[in-house]
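What follows is what I looked up, entry by entry.

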Amino acid sequence: MASDNEAYMQLRALAAAASLKISGQREAQVDGVLQSWLVDANMLSLKMSAAEFQALTPVTVFAHPPFDDEAN
Amino acid sequence: MASPYSELLDRSLSDVAGLVRSKQVSPVELVDASLERIAAIDGQISAYITVFEHEARQVAKAAELMSMVGHDLGPLHGVPLALKDNVAVKGFRTTAGSKILGDWIPDKDATLTTRLRQAGAVFLGKLNMHEFAWGGTSQNPHYGAVRNPWNTDRFPAGSSGGSGAAVAARMCFGAIGTDTGGSIRLPSAINGIVGLRPTYGRVSNHGIVPLAWSMDTAGPMARTVEDCAMMFSAFAGHDSHDATTARVPTADYLAVLRKPVKGLRIGIVPGYFFHHLQPPVKDAVQAALKALEGLGAEIVEVEIGHIHGNISAQLTIEAAEPSAYHQRWLRERPQDYGEDVRTLLEVGEMLLATHYVQAQRYRTLLRNEFMEAFRHVDAFICPTLPFTATRIGETKVVIEDGVEEDMLSAIMQYTGVPSLTGLPSLNVPCGFDGEGLPIGMQVIGKPFDEALLFQIGAAYQAITEFHRRAPAI
C-alpha cells in the first residue's frame, strides 16, 4: 500500500504548479475529487483529440461591444 | 381543513397581478400576507437570507397609492417577488450565500433588478442558495441548510434552493434564480414549480455574482408557466451593460400560451433520456409525453451520438471558470469558504488547460448535433433530474440497483446538456413519487425560442393539476 507521501504526489505537484497550498489534513478530501474528475477529463480529452474532431473550435464567450449611442 | 395562510398566497402570480390591476386587491395585502407567511414558516425552511420587511411594506404602500390614482407601473405592479442572493440590489446586502461577500452592499442594482422594478415588482428579500452557486444542494454553511417544503428532511436542490423552496411554500409569488449547470431547473423540479433557464445571452448577467461566465444565466421561477412568461417578459433582452447579451428581438411570451401543440415534433433520445433514472421519474415523464401526444404532438426518437461525455465537460468548465474568479480569495481567505466549495475551487485550479479547452470543443460538437437534430424536431423533452429529493446532508445518491453515486455528477445528468449547448430549457412539474415528492420534466428548445417552451409547458399545465398542489407545511 502506498504511503501518504506517495499517494498524494500528483496532488502536491499540481498544487505546487498552481501555487496553491493544501494542508495535509485536506489532501485526502481534495485528492478524492481530483482523481475522479481527472479520469473523466482525460477520457474526454482522448475523445476530442480524435482526427474526426480536428476541425472543431472551442466555445468561447464573444463580447459584443455596445453601439456608441448605448454606451452610457 | 382551513389553510394556515391567506388564500391570496395560493393564487398564481398572474392572478394576483390581475387582481391588483382591477383594484380588487392591494399590493399592501399581498406583501403583508407574504411577510406573515415568511415569519410563520421560514424558521423551518431557511429560504431567505434577508427579508426587506420595512422596505417591502413601504414600496407596497407606494404601489397602492399609485394604483388608486390610476398609475400603472407595469405588468408586475405591486406583485411581491424575491431575488436569489447573488443578484445585486442597490443598498442591500448581497452575499451570494457566502461569508466572503457577507458584508457586500452593492451601490447599483443588477440590470435584472432594475427591469423588475420598472415592471412594478415589490421585492420581499434575498434568497438563500448554495454558496457562490457552486453546488446543487443549497446546504449553506453560513446561512443554514435550505429545506424542502414538501418534506423538511429532504433537500431543495440548488443552487437556487431558496428560490425553489420560497415559491413552493407560498413565501413569494415568483423568484429569480440563476442557472449555470442546472441551478434553476433542479430546484424547480425538486420543489414542484416551473423554472426557465433562458438561452445563453438572452438575459443580462450585469450585477449578478458570476459562477462560470460561459454558462451563467438568470431566469424566472414561479408556480405556473404563465407566471414565468410574465416575469421573463419584464427582463429578457439585450443589455448594453452586458456584452454577452444578444441583439435578438424578444417575443410576446404571453401571446403563445394558448397556442395548441398539435403538429409539434418533440424529440427524445431514448438511450440517454430514459436510461439510468429512478422508475417513478421515468414513469412520470413518459406519461407527460403521452399526454402531449394526446394533444396532437408527435414524439420523434432522435440519435445524439456524442451525448455521453457531457457531465465531464460540464464539471471541467464549471470547475475551471469559478476557480479563476475565486483565485485571490482562495489564497487570502480559504477558511471563509465552506468545505465543499473550497474543495471544488481547489480541484478547478488543478485541472489542465487542455482539459478545459477540450471540454469547450466538446460543447461545439454537442451543440452541432443538437442544431442538426432541430431540423427534425421542434423541442426535446427529458427528465430534469434522474431522482427525487434526497435527505438533507447526503452527498451520495442511489439511482438504481442500490449503487451509491456522487451527487454532483448524478444531479447534472440531464441539465448539463442545455448548459453546455447554450439552449433554453424549462422545468415543468409532471408528477410525484410514492412519497409525495415532486418530479419535473425538462423541455429543451432552439436558441432564443423560449416562446415555444412556454407554449408546450402551458399546454401541458392546461390539462394537468400537478402545479396546483401545495406542500402541507
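**Ground rules.** In these notes helices (H or I, at least four residues) and strands (E, at least two) are DSSP runs, numbered from the N terminus. This is a predicted model, in which local features need pLDDT of at least 70 and side-chain atom pairs count only at pLDDT 80 or more, while totals for chains, interfaces and linings use all residues. Residues are numbered from 1 along each chain as its sequence is written, and chains are lettered from A and ligands numbered from 1 in the order in which they are written.

**Chain A.** I read chain A along its sequence and noted the pattern α-α-α, with 3 helices and 0 strands. I then looked up burial, where a residue is buried if 20 or more other C-beta atoms lie within 10 Å of its own, exposed if 12 or fewer, and partly exposed in between, with C-beta atoms placed from the backbone. Of the 72 residues in chain A, 22% are buried.

**The sheet of chain B.** I turned to strand pairing, for which two strands pair if DSSP finds at least two bridges between them. In chain B, 11 strands make an open sheet with mixed pairing, and their order is β1-β3-β2-β6-β8-β7-β14-β15-β11-β9-β10. At the edges of this sheet stand β1 (48–51) and β10 (298–301) of chain B, each with a single partner strand, so one side of each has no neighbour in the sheet. From one strand to the next, the twist averages 30°.

Axes here are lines fitted to C-alpha atoms, for helices over the stretch in contact, and angles run from 0 to 180 degrees between N-to-C directions.

**Strand β6 of chain B.** Is β6(B) enclosed or open? I found that 6 of the 6 residues of β6(B) (174–179) are buried, so the strand is largely enclosed by the rest of the structure. B:G174, B:I176 and B:T178 lie on one side and B:A175, B:G177 and B:D179 on the other, all buried. In a regular strand the side chains alternate between the two faces of the sheet. With β2(B), β6(B) pairs in the parallel sense over 3 bridges, where B:L83 has B:I176 as its bridge partner. With β8 (217–222) of chain B, β6(B) pairs in the antiparallel sense over 6 bridges, and there the partner of B:A175 is B:M221.

**The core.** A nonpolar core is a set of buried Ala, Val, Leu, Ile, Met, Phe, Trp, Tyr and Cys residues joined through C-beta atoms within 7 Å. The largest has 163 residues, and those with the most contacts inside it are B:V79, B:L81, B:F123, B:A166 and B:A379. I followed B:F123, which touches B:F52, B:A56, B:L81, B:A82, B:L83 and B:V89, not counting residues up to four places away in sequence.

**Helix α9 of chain B.** The buried residues of α9(B) (279–294) include B:V281, B:A284, B:V285, B:A288, B:L289 and B:L292. They cover an arc of only 140° around the axis (taken from the directions from the helix axis to the C-beta atoms), which puts them on the same side of α9(B). An α-helix has 3.6 residues a turn, so residues three or four places apart point the same way. On the face turned away from the buried side I noted the exposed residues B:P279, B:K290 and B:G294. Among the elements that cover the buried residues are β9 (265–268), β11 and α16 (450–462) of chain B.

Most residues other than glycine have a negative phi, and most peptide bonds are trans. Against this I set three entries.

- The peptide bond from B:G158 to B:S159 is cis, with omega near 10°, and B:S159 is in the loop between β5 (144–145) and α5 (161–168) of chain B.
- A:S19 has a positive phi near 55° and is exposed, with 9 other C-beta atoms within 10 Å.
- B:H276 has a positive phi near 65° and lies in the loop between α8 (270–273) and α9 of chain B.

Terms used: Two residues are in contact if their C-beta atoms, placed from the backbone, lie within 7 Å.
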